[in-house]
Amino acid sequence: MSKPQTYGAFLSGNARWLGAAFLMTAFSGFGQTFFISLSAGDVRAELDLSNGAFGSLYMAATLGSALTLPTLGRVLDRFSVAQVAAGVMVMLGLFCALMASATSIWMAGLALYGLRLFGQGMMSNTAMTAAGRWFDAQRGRAVAVIGLGFPASEAIMPVTFVAIMTTFGWRQGWWVAVAVMLAVVLPIVLLLLRKERVPVSTASDVKVVERRHWTRAEVLRDPIFYLVSAGVLAPPFIVTAVLFHQTYLVDLRGWTRELFAMAFIVMSASAVLSSLVLGQLIDRFTARRILPFMLVPLACGTAVLALVHAPYAPFIFMGLIGLSNGFVATFTGALWPELYGTRHLGAVRSVVFAFMVFASALGPGLAGWLIDFGVPYDGQILGFSLYCVVMTAALASASRVLLKRDDLASTAD
């Protein structure tokens, strides 16, 4: 066996492809909850909507994008990454423009639909599907580097957008997003993707063998897929529910918006750390073995947020959420190709992303309704923590089944 490739050599040899996918995950932020929620208060005020009403609008738009994603995601199996990326980025820029121009509920709803579909959905899906196809033995490292785009956007975008919004207004902030997406990100990504990457096997401490390429229909008949998905869906459901209603949370605790915004930096730093560490662990131990630990940081973070009301609580919460976000972004990027192969990865991942988008829609909507009905917010957050504890035990069982399945497949070969 040849000597394993160093991290530095891996980065330098694949910089153009990693850089393009990194930019796509980073600027998917324009369609992520943490960014959209920054102007939520202003949009609600202009459209005269309550927390529950705006949460319902957001949920409806996100559910619509979730229903569209499985069909749209098939283009990843039919066209090149560059072609799909170009179309997705143009559409995301156009829906940013629609949000900047929204003067009615239907315009805001349509803008939210497009932002969620092409931002959270297709930008992220395209980047991670590309990583799953481009890399094999170094897949863990690849998705870890690409996944750093998420914490990068979480660290930079909120502070930047708030500064623009405070000085010029929230609409001008969205127009800046349009300019950045179409005039900066689009040409750079297409320049980097002029050359398509052909996967090359490299040495690794763990030999990754794809004995079977599952079709989407086969995956949907696999019971383990749904059990694992129930765990994977917890972070988008819980984190978006909390961050979407961050204004309500800040007012409830007596904190300031500036305090909570600063905590995003802690979240981003911890996400970077967990991504880099986990990428190497996946390459060494496989995603199947790490599966049971996926929800531990989220369980601890939500418990802290529910039980501790001191001004330092947001920083502890965000630090643990960052660990969770880095874990999940890296982990899910490597898990699905490891379990189900790469031939139909675009179709499979589009279903997973649709589920995740659905979960991220349900969280804010459900939490908004419960707030309107007077359900204590601390009780809601503590319930999130308990769910993570239960799912941790379930994922441990799923991990054992998957490892046994792998052993049986190896024996059959």
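**Close-up views of a predicted helical model**

**View 1. Asp378 and its contacts.** Leaving aside neighbours within four places in sequence, Asp378 is in contact (heavy atoms within 4.5 Å) with Arg253, Leu305, Ala306 and His309. This is a predicted model, in which local features need pLDDT of at least 70 and side-chain atom pairs count only at pLDDT 80 or more, while totals for chains, interfaces and linings use all residues. Residues are numbered from 1 along each chain as its sequence is written, and side-chain values use heavy atoms, with hydrogens and water left out. Asp378 belongs to helix H20 (residues 377–412), where helices (H or I, at least four residues) and strands (E, at least two) are DSSP runs numbered from the N terminus. With a relative accessibility of 24%, Asp378 counts as partly exposed; buried means under 20% relative accessible area, exposed over 50%, and partly exposed in between (1.4 Å probe, protein chains only). Phe358 lies 20 residues from Asp378 in sequence and 23 Å from it in space, C-alpha to C-alpha.

**View 2. Helix H17 and its buried residues.** Helix H17 (residues 296–307) has 12 residues and reaches 17 Å from its first C-alpha to its last, close to the expected 16 Å, the expected span being 1.5 Å times one less than the number of residues. The buried residues of H17 include Pro297, Leu298, Ala299 and Gly301, and Thr302, Val304, Leu305 and Ala306 are buried as well.

View 3. H7 is mostly covered, with 25 of its 30 residues buried. In helix H10 (residues 170–192), a span of 32 Å from first C-alpha to last is close to the 33 Å expected for 23 residues, and a kink of about 35 degrees lies at Val185, shortly before the proline Pro187. Among the buried residues of H10 are Trp170, Arg171, Trp174 and Val185, and the buried residues of this helix pack against helices H2, H3, H4, H6, H7 and H9.

**View 4. Ser153 in helix H9.** Ser153 lies in helix H9 and is buried, with a relative accessible area of 5%. Apart from neighbours within four places in sequence, the contacts of Ser153 are Ala26, Gly29, Phe34 and Pro158.

**View 5. The packing of helices H12 and H13.** Helix H12 (residues 223–232) and helix H13 (residues 234–244) pack at an angle of about 20 degrees, with their axes 4 Å apart. The two helices are therefore roughly parallel to each other, a description used for angles under 35 degrees. Ala230, Gly231 and Val232 of H12 make the contact with Ala234, Pro235 and Pro236 of H13.

**View 6. Two loop residues with positive phi.** Asp48, a residue other than glycine, has a positive phi near 55 degrees and sits in the loop between H4 and helix H5 (51–72), where it counts as exposed at 72% relative accessibility. Thr286, also not a glycine, has a positive phi of about 80 degrees and is found in the loop between helix H15 (257–285) and helix H16 (287–290); at 9% relative accessibility, Thr286 counts as buried.

Key
Axes fitted to C-alpha atoms, helices over the stretch in contact; angles between N-to-C directions. Parallel < 35°, antiparallel > 145°, perpendicular 65-115°, else oblique. Bend = angle between axes of the 7 residues up to and from the residue.
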